[in-house]
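Student: Could you take me through one part of this structure slowly? I would like a close look at the aromatic rings and how they pair up.

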Amino acid sequence: MSKVKDTEYLMLSAVLRAKEAKLLSKADYERMLLEPDFSAACRIIADRGYKDMSEMDTNQINKALAERRASELAEIRELIPDQSLLDLFRMKYGYHNAKLLVKSKGDLSSCAHLISDSGRFTMEQLREVYDSEEGNGDLPKIYADAIRESRNALARTNNPQLAEFILDKAYYHDMLVHAEKTGKSYIINYIRNRIDRTNLRSTLRTMYMGRRGELLKYALIEGGNISIDEILNSMDVKDDLIKLYSSSIFHKAAEVPTMTEFELESDNAIELYVSSGSYIAFGPEVVIEYMAALENEVMALRIILTGRIMGISTEALRGRLRESYV
């Protein structure tokens with residue numbers, strides 16, 4: 001990716017900036033929350049190119065939103081100078097599929113509806129590695145090794161959480177490797193910040209639930225701005241953890257007393273960082289910014305639409321939306 005010049009992103013950057021202007025706004029989400037009729041709420045986004053979801057159930061809505069995201073990815077793929085940049089977003093779904101494969105012990109019949117079509121590789125390609133003892137198949141080595149290591153850990157310990165930790169570590173390492181190949185500090189720090197958020201989430205959850213610190217060692221991920229050793233040395237006292245994160249973008253998230261508030265504050269911090277790339281006229285940074293904004297839109301719509309179907313109150317739904325959504 002480092003060989004691709006920023007000027008090669010001129011056309012795609014112009015397209016994405018135009019698309020950004022059409023993303024749903026605070027006012028759009030508020031209208032969807034306040035519409036007394038669910039069908040009317042769905043018409044608001046149908047006018048923006050989404051499928052009519054007024055007659056859909058929650059599973060169908062999730063599928064329709066996933067299809068919208070996949071369609072956007074396909075359109076960007078046609079114009080992007082370097083396809084591998086999109087892997088930073090496609091990896092999430094690929095590693096999700098790997099977790100399903102491992103935790104089901106190779107029998108996906110009970111969770112086939114959870115498989116994502118947005119990953120980099122097919123389930124057949126993942127299964128080939130899962131069923132083998134060596135070789136990478138069509139997968140990158142880090143991905144293939146993590147699937148087998150996770151499979152073996154589950155068989156040895158019968159602990160699905162440990163199996164997930166292994167795949168999570170590989171996922172973030174894989175993303176960081178891709179980010180570093182761009183040579184772009186904005187993109188590298190985007191991934192490092194995501195690692196910091198994941199580590200802070202694991203630490204606070206361990207602290208609030210009174211779990212053993214030994215388990216945290218398996219969950220923490222290398223590559224963030226704050227080292228694992230610093231986190232482990234600060235995990236016993238909340239004030240020490242707050243001090244450790246005081247100069248990071250997650251200083252507010254470290255201070256909150258509940259995990260629900262943490263999720264809100266940490267997501268807001270990430271989105272504020274992402275929006276800092278809006279001053280960049282063209283380049284791979286524009287792709288990252290747009291894809292992150294699209295992910296946010298899809299998540300916000302999932303919260304609003306499925307929440308309304310389940311009868312969740314307007315205030316409760318509004319409280320679940322991040323600052324960047326509203």
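Tutor: In this predicted model, the count of aromatic pairs comes to six. A pair of aromatic rings is described by two things, the distance of the centres and the angle of the planes.

Take tyrosine 95 and tyrosine 143. Their ring centres are 4.4 Å apart and their planes stand at 35°. Planes under 30 degrees apart would count as stacked and planes over 60 as edge-to-face, so at 35° this pair is tilted. Now place the two residues along the chain. Tyrosine 95 belongs to helix H5, residues 87–103, while tyrosine 143 belongs to helix H7, residues 141–157. The pair therefore ties together parts that are 48 residues apart in sequence. Both tyrosine 95 and tyrosine 143 are buried.

Tyrosine 143 has another partner, phenylalanine 121. Here the ring centres lie 5.9 Å apart and the planes are at 45°, so this pair is tilted as well.

Buried is a matter of a cut-off: a residue counts as buried under 20% relative accessible area. Phenylalanine 121 has 18%, so it is buried. Tyrosine 143 has 1%, so it is buried too.

Ring pairs link Tyr95, Phe121, Tyr143, Tyr171 and Tyr172 into a cluster.

Two tyrosine rings also have an arginine over the face. Arginine 68 lies over tyrosine 50, at 4.0 Å from the ring centre. Arginine 151 lies over tyrosine 130, at 5.9 Å from the ring centre.

One last point concerns the cysteines. A disulfide is a covalent bond between the sulfur atoms of two cysteines. This structure holds zero disulfides. Cysteine 42 is buried, with a relative accessible area of 1%, and cysteine 111 is buried at 8%.

How values were computed:
Residues numbered from 1 in each chain as written. Predicted model: local features only at pLDDT ≥ 70, side-chain atom pairs only at ≥ 80, totals over all residues. Heavy atoms only, no water. Phe/Tyr/Trp six-rings, centres within 6.5 Å; stacked < 30°, edge-to-face > 60°. Helix = DSSP H or I, 4+ residues; strand = E, 2+ residues; numbered from the N terminus. Buried < 20%, exposed > 50% of the residue type's maximum accessible area, 1.4 Å probe, protein only. Lys NZ or Arg CZ within 6 Å of the ring centre and 35° of its normal. Disulfide = S-S within 2.5 Å.
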